[in-house]
Amino acid sequence: MGLDSDTLLAAFGLMLVFEGLFPFASPEGWRNKMAQILSLEAGQIRFFGLVCVMAGLGIIWFLG
């Protein structure tokens, strides 16, 4: 699997599509979820970020 600029831009574009789906489909639900996230402790948010990074790396490893 080659990681050229076209692949990187396609991955970034796909990420933007997925990130925009929930606020587009349910802006009020998105706002409520963001308020819940803001009430979390820094460690909880950091753990969620770590889980996302590990899941992303696992997907990349699986595809590679």
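**Exercise 1. Find out how many salt bridges a search of the whole structure gives, and work out which residues pair up.**

Step 1. Searching the whole structure turns up 1 salt bridge. Keep in mind that this is a predicted model.

Step 2. Let's recall the idea behind such a pair. Side chains of opposite charge can pair when their charged atoms come close.

Step 3. Now for the partners: R31 forms the salt bridge with E28. Their closest N and O atoms are 2.9 Å apart, and the cut-off for a salt bridge is 4 Å.

Step 4. Look at where the two residues sit. R31 and E28 are both in helix 2 (residues 27-38). Because they are 3 residues apart there, about one helical turn separates them.

**Exercise 2. Decide whether Q36 and G64 are buried, partly exposed or exposed.**

Step 1. Start by placing each residue. Q36 is found in helix 2, while G64 lies in the segment after helix 3.

Step 2. You will need the limits: buried means under 20% relative accessible area, exposed means over 50%, and partly exposed is in between.

Step 3. Apply them. Q36 has 46% relative accessibility, so Q36 is partly exposed. G64 has a relative accessible area of 77%, so G64 is exposed.

Step 4. Between Q36 and V51, 15 residues apart along the chain, the C-alpha separation is 18 Å.

**Exercise 3. Follow I60 and describe the nonpolar surface patch and the largest pocket.**

Step 1. Locate I60 first: this residue belongs to helix 3 (residues 42-63). With a relative accessible area of 52%, I60 is exposed.

Step 2. Next comes the largest pocket, with a volume of about 470 Å³. It is lined by 13 residues, and those closest to its centre are T7, A11, I59, I60 and L63.

Step 3. Ask which helices build the lining. Helix 1 (5-25) and helix 3 each supply at least two residues, and the largest share, 8 residues, comes from helix 1.

Step 4. Sort the lining by class: 12 residues are nonpolar, 1 is polar and none is charged.

Note on methods:
Residues numbered from 1 in each chain as written. Predicted model: local features only at pLDDT ≥ 70, side-chain atom pairs only at ≥ 80, totals over all residues. Heavy atoms only, no water. Patch = residues over 30% accessible without salt bridge, like charges linked within 9 Å, V, L, I, M, F, W, Y side chains within 5 Å. Areas by Shrake-Rupley, 256 points an atom, 1.4 Å probe, with all protein chains shown as cover. Salt bridge = Lys/Arg side-chain N within 4 Å of Asp/Glu carboxyl O. Helix = DSSP H or I, 4+ residues; strand = E, 2+ residues; numbered from the N terminus. Buried < 20%, exposed > 50% of the residue type's maximum accessible area, 1.4 Å probe, protein only. 1 Å grid on protein atoms, 1.4 Å probe; cavity = no way out; pocket = protein on both sides within 12 Å on 5 of 7 lines; lining within 4 Å. Points joined across faces, edges and corners; volume = space filled by probe spheres on them. Nonpolar A, V, L, I, M, F, W, Y, C, P; charged D, E, K, R; others polar.
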